[in-house]
Amino acid sequence: MRRAYKSVKQLFRGTVIFLTVLAPAVHAQADLPYTTYTSFSQVLEGSKARYPAISRVSDPGASGHRAYTGFFFYQCLQFDTTGRYLLGMRVYVQNRDVQPDDRGDIGYIDLKDGFKWTQIGETTAWNWQQGARLQWRPRSDEIVWNDRSDDGKKYVCRVYNFRTSKRRALPRPIYDLSPDGARALTHDFERMKYFKGTEYVGIEDIYEKQYAPSKTGIWKMNMDTGEAELIMTLERMAAIAFPKGSPSSGRLYFFREGWNPSGTRFIAFIKDPENPLADKAFSMTSNGTDVRYLYNNPSHHAWQDDSYILDFGKHTPPGGGSPLAGYFLFKDDGTGTAKELLWATNFNGHDSYVPGPGGDWIISDTYVIDGFQYLFMYHRPTKLFVPLAKLKSTAEEGIHRVDLHPRLSRDGRIVSIDATHEGLGRQMYIIDISHILDHPPNRRPSVP
């Protein structure tokens, strides 16, 4: 694969991997340069699909000395504002549990300089499913990620200034940064040991024997000063979730906080490995007040705007009837009822709204289905699906799996994924979707 390109545009004209023959698509509109389908089942069938080109941007190294590069999750800022620099983490093991001394190298890839890798730091606080929460800090030149402190006794956040190379450390790890980059939400990663694949190793949970401790929960940290405030304790959350009393066994913990677009409220999941009924999503203000129930069995949320949240699950559809599995919209109004079913499917994935007016486009992937992972877009105005990739998974299943976890450039025109279809272990790839965004479908195609 060619490694020198003068621009991102030239990059996509270079040597690429074609996923299938560019045959005429059964459901493609004649005036569109891509395939459209009317149902998600057609995405999986892939009849005469034409997929866009995909380019590997990470270097796997020599056989026997592999480097496995990825971003490990999604819904964090992976691209810089120009779309030139792509964050990533390199690890040197796969298909086993992370050990306390397993190092991840933190760095970035230059998409305009032959995919050159520059290392800026290290971490020993990472996991297979969410990495080290590596991301660009919004409205700044800083790159942030989680690590263990120099003495190994606590988790911290490392901060690197991309322009000045200055470094600093914040006293708590981060989970999600506010849209203005001023605040971070976080929980105690020591307690994540009860959700395999997302735990950090090396530091024990001192509240392990307590169901809902009063001294831990969700913290809000000032990203300039490091000052942190405990805004929602597990004890208070348990009282809200279980007004008749907490279960007699188990361990409650927080998982996956996420700010709404304005940074006024955020979503948080609660889970308990021994009590499935505790698996719920709530929203609250940035100070941990005005708590509202959203829905049960949360999976991979995406805020459409400040009022509506998209997530996959099995819920009663609007208007009643038997529960269905699919992608639903919920309103942040405390009712806990689905307002819209976008599409029904039994296959979960990692969904995000593509940047742009109106939230017209949604991008998502699937877990492995009969040996393959699918990447696709959904156009809300026409209810059409656009297939982007069908990739063979060569990774192990379970907590060591490699999900695609699609991430978008700031303008939404480039997609980055982790994948294993080349048999090189986890590697990082990009896909240009600008031709799709520039030529959206405008009518429903007929099914022959």
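Phe72 sits in the loop between strand S2 (68-70) and S3. In this predicted model, the phi of Phe72 is positive, about 75°, although the residue is not a glycine. Phe72 is buried, because its relative accessible area is 1%, and the cut-off for buried is under 20%.

Lys48 also has a positive phi. The value is near 55°, again in a residue other than glycine. Lys48 belongs to the loop between H2 and S1. Is Lys48 buried or exposed? Lys48 is exposed, since its relative accessible area is 52% and exposed means over 50%.

**The chain as a whole**

The chain holds four helices and 28 strands. Its C-alpha atoms fill a box of roughly 60 × 55 × 35 Å along the principal axes. The radius of gyration is 22 Å. A compact globule of 448 residues would have a value near 22 Å, so the chain agrees with that expectation.

Of the 448 residues, 58% count as buried. Among contacts between residues at least 6 apart in sequence, 53% join residues at least 24 apart. The accessible surface comes to about 18300 Å². Carbon and sulfur atoms account for 48% of that surface.

Charge is next. The chain carries 56 positive and 51 negative charges.

**The largest nonpolar core**

In soluble globular proteins, nonpolar side chains tend to be buried together. Here the largest nonpolar core has 33 residues. Which residues touch the most other members? They are Val57, Leu86, Ile109, Leu111, Trp126, Ile143 and Trp145. The elements that give two or more residues to this core are strands S3 (85-91), S4 (104-110), S5 (116-123), S7 (142-148) and S28 (427-432). S3 gives the most, with five residues.

**Loop residues**

Three further loop residues are worth a look. Tyr51 lies in the loop between helix H2 (40-45) and strand S1 (55-56). Ser246 is in the loop between helix H3 (234-241) and strand S14 (253-259). Lys166 is in the loop between strand S8 (155-161) and strand S9 (167-170).

| Residue | Relative accessible area | Class |
|---|---|---|
| Phe72 | 1% | buried |
| Tyr51 | 7% | buried |
| Ser246 | 39% | partly exposed |
| Lys48 | 52% | exposed |
| Lys166 | 63% | exposed |

Tyr51 counts as buried because its relative accessibility is 7%, against a cut-off of under 20%. Tyr51 and Leu375 are 324 residues apart along the chain, and their C-alpha atoms are separated by 9.8 Å.

Ser246 falls in the partly exposed class at 39%. Leaving aside neighbours within four places in sequence, what does Ser246 contact? Its contacts are Tyr211 and Ala238. Ser246 and Leu185 are 61 residues apart in sequence. In space, their C-alpha atoms are 25 Å apart.

Lys166 is exposed, given its relative accessible area of 63%. Lys166 still touches Val159, Tyr160 and Asn161, not counting residues up to four places away in sequence. Lys166 and Glu142 are 24 residues apart along the chain, and their C-alpha atoms are separated by 9.2 Å.

Terms used
Residues are numbered from 1 along each chain as its sequence is written. This is a predicted model: local features need pLDDT of at least 70, side-chain atom pairs count only at pLDDT 80 or more; totals for chains, interfaces and linings use all residues. Side-chain values use heavy atoms; hydrogens and water are left out. The radius of gyration is taken over C-alpha atoms; the globule rule is 2.2 Å times the number of residues to the power 0.38. Buried means under 20% relative accessible area, exposed over 50%, partly exposed in between (1.4 Å probe, protein chains only). Contact means heavy atoms within 4.5 Å. Accessible areas come from the Shrake-Rupley method with a 1.4 Å probe; for residues, only the protein chains shown count as cover. Lys and Arg count as positive and Asp and Glu as negative; His and the chain ends are not counted. The place of a charge is taken as NZ of Lys, CZ of Arg, CG of Asp or CD of Glu. A nonpolar core is a set of buried Ala, Val, Leu, Ile, Met, Phe, Trp, Tyr and Cys residues joined through side-chain atoms within 4.5 Å.
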